[in-house]
Amino acid sequence: MPDVGPTAVLPRRPLTVGELLDSAVLLLRGQARLLIPLAIPFALGEQLLLQPLRVMADARPPEYWLDAGRLGSYWLLLAVGAGTEAAIIALLGNPAARAAGAALLGHRAGVRELLRPAGARWLATLLLAPLVGLAVEIAALCGPAWFVAYGLLGAVIPALVVDRLPAHRAPLRALGLAVRSGARAAGIRLLGYVGWWLVRLAVGLGVFYGLTRLGLVDLTDPAWAVAVATAAWAGVNAVAYPALACLDAVLHLETRMRTEGLDIRLSRIPASRAGSG
């Protein structure tokens with residue numbers, strides 16, 4: 001029988017907001033051996049991509065705060081950053097969603113299983129993830145529209161790999177799920193993002209200024225400051241991005257249980273035949 005008790009990664013019932021956040025963390029803990037190493041090159045690549053834009057905006061490490069005289073350049077930096085992180089979260093959403101689907105069936109997917117290309121739909125994921133990032137980036141250029149785009153697009157990859165939809169139907173499916181029950185899923189996705197943003201800010205700045213206090217490196221040297229800040233932000237994002245991908249995965253399945261009775265459907269299917277769709 002699947003573990004549906006309070007310690008289950010994803011119990012077969014609608015969850016509270018707190019339980020959803022806990023489920024995402026439990027899923028990350030169970031799949032950290034895969035998701036975090038997979039996130040590291042993406043997080044580091046993002047930092048390297050953003051560095052020329054930071055220079056153009058005169059945004060200096062570690063905070064990279066706004067220079068009032070370069071608002072246009074800084075706005076572009078924020079938009080590109082929003083788009084790249086949305087794309088990375090979507091890419092990590094592929095193994096996270098498949099792991100969540102397995103957990104719902106009482107099975108812990110191993111690293112080999114999640115790396116197996118058969119049925120993983122990586123080609124479609126590699127097509128959709130940049131499009132999700134582009135949509136968020138364009139919305140970010142419009143200011144507050146970022147919140148709408150980010151909140152609505154969380155289920156694109158879970159819909160692709162768990163619901164087994166054609167790639168062209170996954171975005172519409174994601175939008176439909178996000179606005180159900182008063183846009184509950186969209187709101188929870190934004191809540192999770194804000195929570196992890198605060199964690200990232202605290203840890204990233206803490207590492208940088210902690211090294212300054214200890215005098216381990218000369219952070220008055222701009223080259224050292226950029227290198228240390230890059231490593232600090234890449235490191236914290238390599239944990240935060242998989243965590244947000246796990247939240248998308250469990251939120252997708254929980255929304256289906258809450259609004260489509262997925263938990264009831266699964267309870268009527270013998271364990272040997274149970275599927276995530």
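Start by selecting Arg256 and Asp163: their side chains meet in a salt bridge, with N to O at 2.7 Å. This pair links distant parts of the chain, 93 residues apart. Arg256 belongs to helix α9, residues 222-260. Asp163 sits in the loop between α6 (156-161) and α7 (170-178). Remember as you look that this is a predicted model.

Are these two residues buried or exposed? Arg256 is buried, and Asp163 is too.

Together with Asp163 and Arg256 they form one network, joined by salt bridges that share partners. Side chains of opposite charge can pair when their charged atoms come close.

**Step back to the whole chain**

Show the cartoon. The protein chain has 10 helices and 0 strands. Read along the sequence, the pattern is α-α-α-α-α-α-α-α-α-α.

Turn the model around. The C-alpha trace spans about 65 × 40 × 35 Å along its principal axes. How does the radius of gyration fit a compact globule? A compact globule of 277 residues would have a value near 19 Å, and this chain has 19 Å, so the two agree.

Buried residues make up 48% of the 277 residues. Next, consider the contacts between residues at least 6 apart in sequence: 73% of them join residues at least 24 apart.

Colour by charge. There are 25 positive and 17 negative charges, and their mean positions lie 11 Å apart.

**Helix α5**

Select residues 145-152, which form helix α5. Which of its residues are buried? They are Trp146, Ala149, Tyr150 and Gly151. Show what surrounds them. The buried residues of α5 pack against α2 (71-104), α4 (122-141), α7, α8 (180-214) and α9. Helix α9 is the one that holds Arg256 from the opening stop.

The whole structure contains 11 salt bridges. Go to Arg13 and Glu19 for another of them. Their side chains meet with N to O at 3.0 Å. Arg13 counts as partly exposed because its relative accessibility is 34%. Glu19, at 27%, also counts as partly exposed.

Then pick Asp58 and Arg60. They form a salt bridge, with the closest N and O atoms 3.2 Å apart. Asp58 is partly exposed at 25% relative accessibility. Arg60 is exposed, with a relative accessible area of 58%.

**Backbone stops**

Most residues other than glycine have a negative phi, and most peptide bonds are trans. The next stops depart from that.

Move along to Pro61 and Pro62. The peptide bond from Pro61 to Pro62 is cis, with omega near 0°. Pro62 lies in the loop between α1 (17-56) and α2.

Jump to Arg164. Its phi is near 60°, a positive value in a residue other than glycine. Where is Arg164 found? Look in the loop between α6 and α7. Arg164 counts as partly exposed, at 44% relative accessibility.

Finish at Ser181. Here phi is near 55°, again positive in a residue other than glycine. Ser181 belongs to helix α8. At 48% relative accessibility, Ser181 counts as partly exposed.

Technical notes: Residues are numbered from 1 along each chain as its sequence is written. This is a predicted model: local features need pLDDT of at least 70, side-chain atom pairs count only at pLDDT 80 or more; totals for chains, interfaces and linings use all residues. Side-chain values use heavy atoms; hydrogens and water are left out. Helices (H or I, at least four residues) and strands (E, at least two) are DSSP runs, numbered from the N terminus. The radius of gyration is taken over C-alpha atoms; the globule rule is 2.2 Å times the number of residues to the power 0.38. Buried means under 20% relative accessible area, exposed over 50%, partly exposed in between (1.4 Å probe, protein chains only). Contact means heavy atoms within 4.5 Å. Lys and Arg count as positive and Asp and Glu as negative; His and the chain ends are not counted. The place of a charge is taken as NZ of Lys, CZ of Arg, CG of Asp or CD of Glu. A salt bridge is a side-chain nitrogen of Lys or Arg within 4 Å of a carboxyl oxygen of Asp or Glu.
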